[in-house]
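Good morning, and thank you for coming.

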Amino acid sequence: MTIKIFAALGIAAIVLGGCNAAHTTTTKVNTPVLAYAFTMYTDGSCWAWEPPEVSIETAPTHGRVTHALVKHPLKLPGDKCDGKIVDYRVSLYTPNSGFRGQDRLTLKYDGIRNDGGGRFVTSKDVVIDVK
């Protein structure tokens, strides 16, 4: 059974323990943006469990980050799990008033493995371009 982490609300699926390439997103001045979203599910059965807890490992310099747990469908065109509603841990970035430029942050995830392997901790670097 393969366990997958699904990130950025349908943008990419990676095998647990995969690379930590920085995720980049863009927003307009004074406009909040989804910085990153994280969910976990089993590939074979589409069974999802609670996504890991998230904390800020490195805070942004020019904005703030808030977190929420939301329900959202998986977006995996052609996959049998496409459309299954799962819980996502989302992080929303809000730039400081009037800020334009680039901001960076690192999110830390601490979760439970579904394979009986205990817990895992991983991080994700996020770059926000504010135009």
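This is a predicted model: local features need pLDDT of at least 70, side-chain atom pairs count only at pLDDT 80 or more; totals for chains, interfaces and linings use all residues.

Let me begin with a question: with which residue does E53 form a salt bridge? The partner is R89, and the closest N and O atoms of the two residues are 3.2 Å apart.

Are the two partners buried or exposed? E53 has a relative accessible area of 45%, which lies between 20% and 50%, and E53 is therefore partly exposed. R89 has a relative accessible area of 10%; the limit for burial is under 20%, so R89 counts as buried.

How many salt bridges does a search of the whole structure find? The answer is three. In general terms, side chains of opposite charge can pair when their charged atoms come close.

Another of these salt bridges joins the side chains of D87 and K71, with an N to O distance of 2.9 Å. Here too, distant parts of the chain are linked: D87 is in strand β8 and K71 is in strand β7, residues 63–73, the two being 16 residues apart. D87 is partly exposed, at 22% relative accessibility, whereas K71 is exposed, with a relative accessible area of 61%.

There is also a salt bridge between D110 and R119, whose closest N and O atoms are 3.0 Å apart. D110 counts as partly exposed at 30% relative accessibility.

I turn now to an arginine elsewhere in the fold, R104, which is placed in strand β9, residues 101–112. Its relative accessibility is 48%; exposed would require over 50%, so R104 is classed as partly exposed. Which residues does R104 contact, once its neighbours within four places in sequence are left aside? They are A59, P60, T61, V126 and V127. As for G63, its C-alpha atom is separated from that of R104 by 9.4 Å, although the two residues are 41 apart along the chain.

Finally, a word on H23, found in strand β3, residues 23–27. H23 is buried, with a relative accessible area of 17%. What does the side chain of H23 reach at 3.4 Å? The backbone oxygen of A35.

Thank you for your attention.

Definitions and conventions: Residues are numbered from 1 along each chain as its sequence is written. Side-chain values use heavy atoms; hydrogens and water are left out. Helices (H or I, at least four residues) and strands (E, at least two) are DSSP runs, numbered from the N terminus. Buried means under 20% relative accessible area, exposed over 50%, partly exposed in between (1.4 Å probe, protein chains only). Contact means heavy atoms within 4.5 Å. A salt bridge is a side-chain nitrogen of Lys or Arg within 4 Å of a carboxyl oxygen of Asp or Glu. A polar contact is a pair of N or O atoms within 3.5 Å; within protein, one must be able to donate a hydrogen and the other to accept it, and residues adjacent in sequence count only if both atoms are side-chain atoms.
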